[in-house]
Amino acid sequence: MDLLREVKSMGCRSPILILTGAGDRAVDLEAMQAGAADYLDKGQLTAAMLERSIRYALERRRAEERQRDSDHNVAALEVIEAQLQEAVRTRDEFLSIASHELKTPLTSLSLQIDQLRRKLRGGHLDPSTPALLEAAKRQMVRLNDLIEQLLDVSRIATRRLTVHSDDADLAEIARDICERFRPQAEAARSPLEVQADNPVPGRWDRLRIEQVLGNLLSNAIKYGRGKPISVGVTAAEGMGRLAVHDEGIGIAHGDLSRIFGRFERAVSSRHYGGLGLGLYIAHEVVEAHGGSILVQSEPGRGSTFTVLLPLQGAHAAPDATAQAS
């Protein structure tokens with residue numbers, strides 16, 4: 001009996017028959033509980049009984065394997081079903097957010113155009129007209145940015161997001177984009193500091209790198225709680241390093257692994273706008289350059305996003321294509 005238990009403890013899945021001359025029913029029961037397929041008494045054993053017992057043990061073993069495979073398949077299908085349900089939920093939530101994000105500037109733009117139309121029909125333009133035109137322009141820029149994000153998601157999904165590498169200075173890109181976002185940072189009462197004095201030349205798609213930094217800065221301003229934001233550019237070991245640090249709300253540890261996913265967000269869309277695509281697109285653009293993007297964050301203490309880019313661009317070719325995640 002000890003041998004039977006030892007064999008079973010080693011993971012043996014073959015059916016085991018016990019042959020004995022003791023004829024003890026208690027031992028019979030103990031053997032079956034220990035994992036024996038059958039217990040045969042030598043004194044009453046015949047060739048037909050042995051053949052039947054072997055056949056029964058084998059059939060029962062096959063039935064157990066079929067049941068185990070069936071249980072495994074059911075479990076796998078349940079996982080797939082749960083994933084599909086989550087994908088549908090995420091899609092529906094995204095469509096709801098996207099429709100809201102697109103409708104908001106459209107509504108504002110429509111009201112501003114109506115105001116301008118009334119002024120023109122009245123035959124006079126007053127001092128508020130330039131402000132109306134500027135507000136309308138801002139809404140058009142916002143709409144264009146939202147549509148570009150949606151188009152980029154489509155390009156990534158169909159592997160058509162290309163990067164065209166050319167000579168560029170990462171420090172210059174950082175200074176230019178920070179100046180572009182400075183009014184937005186000032187409006188949010190977030191001082192913006194740039195440490196990019198030394199040139200960091202390399203081969204990248206300038207427009208795409210500007211897009212990456214723009215997405216990171218936009219998030220830093222949005223979630224920064226009016227605290228200081230810093231952008232730094234350095235180079236070491238054949239890599240350009242771009243870091244964006246804020247002292248805002250931070251990101252929970254459990255959310256760090258998913259924030260670069262499509263449509264993912266670490267905060268409620270009710271309190272913070274956006275499509276939840278900025279980090280996803282930034283991640284894909286950086287990877288298309290052969291680089292990587294990292295994040296360090298603690299709730300209530302801010303976040304640091306670090307972009308690492310090979311100075312010579314993607315290794316595959318001067319023009320690289322992003323792969324779908």
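**View 1. Two buried phenylalanines in a predicted model.** F260 and F305 are both buried. The structure shown is a predicted model. F260 belongs to the loop between β8 (239–246) and α7 (278–288), whereas F305 lies in strand β10 (residues 302–310).

**View 2. The aromatic pair formed by F260 and F305.** One aromatic pair is found when the whole structure is searched. The ring centres of F260 and F305 are 6.2 Å apart and the planes stand at 85 degrees, so the arrangement is edge-to-face; the cut-off for this class is an angle over 60 degrees.

View 3. Five strands form an open sheet in the order β5-β7-β8-β10-β9, and their pairing is mixed. At the edges are β5 (192–195) and β9 (292–298), each of which pairs on one side only. From one strand to the next, the twist averages 15 degrees.

**View 4. Pairing of β9 with β10.** Strands β9 and β10 are antiparallel and are joined over seven bridges. F305, in β10, is the bridge partner of V295.

View 5. Helix α5 (residues 170–187) lies across β5, β7 (229–236), β8 and β10, and runs at about 175 degrees to β5. Helix α6 (residues 206–223) also packs on the sheet, where it touches β5, β7, β8, β9 and β10. The direction of α6 makes about 20 degrees with that of β8.

Notes: Residues are numbered from 1 along each chain as its sequence is written. This is a predicted model: local features need pLDDT of at least 70, side-chain atom pairs count only at pLDDT 80 or more; totals for chains, interfaces and linings use all residues. Side-chain values use heavy atoms; hydrogens and water are left out. Rings of Phe, Tyr and Trp (its six-membered ring) pair if their centres lie within 6.5 Å; planes under 30 degrees apart count as stacked, over 60 as edge-to-face and the rest as tilted. Helices (H or I, at least four residues) and strands (E, at least two) are DSSP runs, numbered from the N terminus. Buried means under 20% relative accessible area, exposed over 50%, partly exposed in between (1.4 Å probe, protein chains only). Two strands pair if DSSP finds at least two bridges between them. Axes are lines fitted to C-alpha atoms, for helices over the stretch in contact, and angles run from 0 to 180 degrees between N-to-C directions. Contact means heavy atoms within 4.5 Å.
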